[in-house]
Amino acid sequence: MDKFSGFHLSAGVRLVSDTLPGKRSRQLLDIQEHLEGSIVSYPKAMPIAIDSARGAILKDVDGNMFIDFFSFAGVLNVGHCNPYVLDYVKIQEEKLIHGLDFPTENKLALIRKILQQIPEGIRNQYKVAFCGPSGSDAVEAAIKLAKHKTGREGIIAFHGSYHGMTSGALSLTSNLKFRARLGSLVPNITFLPYSYCYRCPFGKSANSCRLECAEFLKYTLENPHSGISKPAAIIIEPIQGEGGTIIPKPGFLERISEIARENDILVIFDEIQCGFFRTGNFWAFQDDTTFPDIITMSKGLGGIGFPISAIIYNKAIESWGPADHIGTFRGNQVSIAAGNGAFDFISDYNVECHTREMGKYLLEKLDELKAIYPFIGDVRGKGLILGIEYVKGPDSKLPDPELVKKIRQSCFNKGLLFEVGGHYNNVIRFIPPLIVNKELIDSALAIFKEANEEMIKQ
């Protein structure tokens, strides 16, 4: 038994219903269909009604237990209902819940913990500002600050990007499906190629790559006939999440930042999904040698699912003053307490090291499956954010989203839940809670392998 075993509801999958969804889940799903808006999405691919959850295990209303390998959209970094974090929450709930932006010891403690992650030599150059409860709020605040400081309007984002669903954040999101039928959004947004080595838009291989994707940014900014005016900022995910868990080539982020600064453009790193120790580091970019002007955070910052977001930014770009950016629910005190609890849990249980170990183990096991199944075109990951890209043939690299649907359905029927993403919805995304252990990983992989075997036999 490892140190995290007691934080999970069970040691693995337990299915008691003859079919999924079970009887009671079907009843609640039917009620939901009639009462809740049609934007509901997750129960379409994973049709269950949830009763409870703990760690990396959730139980539906019929008593079936599933392994959660998507942390409910990358939010539950220290697991569902982590009792260590809940103790912080319970204490705070009896003291103060809603505090607007007044100072509290609770809030200042979380700010200090965040700033402590910045290299000591530049730590005093940065500040933290809490935004509304969602990641989209952090993105909106970041682009607002960039525009406010520079007096310029445009923003550069990247192919495969996902930054949120509010008007400004959606304008920076490249998925055309999300933007369909909405007409114009925020103007002057330009999308450029990301470092997607498996599908390099410049036709380069790992050996021939000279970071042409980054150099294309330089060409775009410095060519007087590019048709693009100098933007206020560049926003980029250090690891793309919804775009298909795309890990950029080493040096890409540094080169993007270098080019931006040569052209007096602010750099925003969106760490909403890949941050808060998801890669083993607090921020995904920390293995690189660059540091941005603004960092956006949310999701894992709330520890166990409490809504919170923040931006971390260089004091040199602080051009706004009191009430230039406000929000009723910025920095909810209970969410902040959960963030403090998650920070302390990660420190006390050495979760950073555990995340790296489990990520390495899971990636090695997935690489073994890639060698067996020809429809697995690429396996990539860092820490516990991993992607498995499915294709119709390793040579053609034609995306196979239909196969991914079948595998997801098969895994669901066997008790494994995960997210799907990618440019063509052909990437299976594993983002389990950071407290997942080898026993749960092995159980999940056994289900996953069985599902892939079924596809071979079809």
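Visitor: Which loop holds Arg181?
Guide: Arg181 lies in the loop between helix H8 (176-179) and strand E6 (189-192). Helices (H or I, at least four residues) and strands (E, at least two) are DSSP runs, numbered from the N terminus. The model is predicted: local features need pLDDT of at least 70 and side-chain atom pairs count only at pLDDT 80 or more, while totals for chains, interfaces and linings use all residues. Residues are numbered from 1 along each chain as its sequence is written, and side-chain values use heavy atoms, with hydrogens and water left out.

Visitor: Why is Arg181 called exposed?
Guide: The relative accessible area of Arg181 is 87%. Exposed means over 50%, buried under 20% and partly exposed in between, with a 1.4 Å probe and protein chains only. Arg181 is therefore exposed. Arg181 also has a positive phi of about 65° although it is not a glycine.

Visitor: What makes Lys397 partly exposed?
Guide: Lys397 has a relative accessible area of 29%, so it is partly exposed. Lys397 lies in the loop between strand E12 (385-390) and helix H13 (401-414). Its phi is positive, about 60°, although Lys397 is not a glycine.

Visitor: How do you know that Phe277 is buried?
Guide: Its relative accessible area is 2%, so Phe277 is buried. Phe277 lies in the loop between strand E8 (266-270) and strand E9 (294-297). Not counting residues up to four places away in sequence, Phe277 touches Gln117, Phe282, Phe343, Ile346, Glu352, Thr355 and Leu434; contact means heavy atoms within 4.5 Å.

Visitor: Why is Thr220 called buried?
Guide: A relative accessible area of 4% makes Thr220 buried. Thr220 is found in helix H9 (residues 212-222). Leaving aside residues up to four places away in sequence, Thr220 touches Leu192, Ser226 and Ile228.

Visitor: What makes H9 and H10 roughly parallel?
Guide: H9 and helix H10 (residues 252-262) pack at an angle of about 10°, with their axes 9 Å apart. Axes are lines fitted to C-alpha atoms, for helices over the stretch in contact, and angles run from 0 to 180 degrees between N-to-C directions. Angles under 35 degrees count as roughly parallel, over 145 as roughly antiparallel, 65 to 115 as roughly perpendicular and the rest as oblique. H9 and H10 are therefore roughly parallel to each other. Residues making the contact include Leu217 and Leu221 of H9 and Ile256 and Ile259 of H10.

Visitor: How do you know that H12 and H14 are roughly parallel?
Guide: The axes of helix H12 (residues 351-372) and H14 come within 11 Å and cross at roughly 20°. H12 and H14 are therefore roughly parallel to each other. The contact involves residues including Tyr361 and Leu362 of H12 and Ile441 and Phe448 of H14.

Visitor: How do you know that the span of helix H14 agrees with its number of residues?
Guide: The expected span is 1.5 Å times one less than the number of residues. For the 20 residues of H14 (residues 438-457) this gives 28 Å, and the end C-alpha atoms are 28 Å apart, which agrees.

Visitor: Why are the buried residues of H14 said to line one face of the helix?
Guide: The buried residues of H14 are Leu440, Ile441, Ala444, Leu445, Ile447, Phe448, Ala451, Asn452 and Met455. Seen down the axis of H14, they fall within an arc of 160°, so they line one face of the helix. The arc is that of the directions from the helix axis to the C-beta atoms.
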